Amino acid sequence: MVDKVFQDFNVYDKLVLSDSDFTKIKNYIEKKTGIRVSENKKILIQTRLLKRLKALKLKDYSQYCKYAFSGDSHEELINLIDCITTNKTDFFREINHFNFLYNYALPYLFYRKSKINIWSAACSSGEEPYSIAMVVQEYLSKNNLKNDFLVFGTDISTRVLKNAIVAIYPLYKIKEVPREYRKYFLKSKDPTKKLIRISPEIRKKVKFGRFNLLDDFKPMEKMDIIFCRNVFIYFEKIIQENILKKFFEQLNEGGFLFVGHSETFQGLKTNFKRAAPSIYIKED
Ligand SMILES: C[S@@+](CC[C@H](N)C(=O)[O-])C[C@H]1O[C@@H](n2cnc3c(N)ncnc32)[C@H](O)[C@@H]1O
């Protein structure tokens, strides 16, 4: 009987997230992820959390908060973060970065090193790290080089990471990909499916894991390139400075940091030197 009532979506549609529950969620998200949650996000959060209420068959948002913050619902707190994050991304987003990577960063680094590590920190569903891997692979084959590389894709959201690992995307996404890189995609054998998958050659060069940028970076390997794009904007200045400091320590000398085109370091304390618009270098 209870199940029947909750299967009726109208019951859920009338539920409202109270101001006090919203504040609990907002405080948790800000503390845990660094993402600022403005007051006008209340409706968005209410809508996104509805799915969780339905999945858990909970009566209202206050029950949800009790459940999520009860102390033994670690799993649910991961789901809560998943509901709140903005994961918009594309293949070859902000193409200038990929041109710089091919024309300047890779020649510079591969001249000095036989193997490089690249980190796509806040990689969302994988389009960014796979685009990076395609560019590096293409650079090595075109120049007949035997150097090696590995791309690490990390994000706080487990939901997007699952998609990244599967590496299957809707066919229309190929339009974002420059022609010379389309060979790194496999089309579904069933044309009605309209899906593409990253080729095994590229997949094997990209490793994924969950990582919160607010956490200690020590477990990560040293990097030669870090992409951290379109996530800085969500953080307070003090968190931005702290993460920049950790990126600086995490990079080998001569390493590059790429941030989103709309993310500037103006007014932030950092030892990075500007190499190009929204690209920075840790000088030797
Ligand atoms: C808008 S997407 C950007 C994806 C990609 N970098 C790009 O530019 O296309 C932002 C990503 O940052 C992730 N994120 C937010 N806060 C984070 C944190 N504290 N640690 C790691 N990832 C975080 C989100 O889950 C989301 O996938």
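User: What should I know about the numbering and the model before we start?
Analyst: Residues are numbered from 1 along each chain as its sequence is written. The model is predicted, and local features need pLDDT of at least 70, side-chain atom pairs count only at pLDDT 80 or more, while totals for chains, interfaces and linings use all residues.

User: Why is the protein called as compact as a globular protein of that length?
Analyst: Let's begin with its parts: the protein has eleven helices and ten strands. Helices (H or I, at least four residues) and strands (E, at least two) are DSSP runs, numbered from the N terminus. The radius of gyration, taken over C-alpha atoms, is set against the globule rule, 2.2 Å times the number of residues to the power 0.38. For 284 residues the rule gives 19 Å and the protein has 21 Å, which is close, so the protein counts as compact as a globular protein of that length.

User: What makes a residue buried, and how much of the protein is buried?
Analyst: A residue is buried if 20 or more other C-beta atoms lie within 10 Å of its own, exposed if 12 or fewer, and partly exposed in between, with C-beta atoms placed from the backbone. Buried residues make up 35% of the 284 residues.

User: How do you know that the buried residues of α9 line one face of the helix?
Analyst: In helix α9 (residues 158-166), the buried residues are Val160, Leu161 and Ala164. The arc is that of the directions from the helix axis to the C-beta atoms. Seen down the axis of α9, the buried residues fall within an arc of 100 degrees, so they line one face. Their cover includes β2 (148-155) and β6 (206-210). Just after α9, Ala167 has a positive phi of about 65 degrees.

User: How do you know that domain 1 and domain 2 touch?
Analyst: An automatic or database domain assignment gives the bounds: domain 1 (2-84) and domain 2 (95-165 + 200-281). Two residues are in contact if their C-beta atoms, placed from the backbone, lie within 7 Å. Seven residues of domain 1 are in contact with eleven residues of domain 2. Helix α6 (residues 74-84) gives the largest share of the domain 1 side, three residues.

User: What makes a residue count as near the ligand, and which come nearest?
Analyst: Its C-beta atom, placed from the backbone, must lie within 6 Å of the molecule. Of the 24 residues around the ligand, Thr85, Thr89, Ala122, Ser124 and Asn230 come nearest. Domain 1 and domain 2 each supply at least three residues of this shell.
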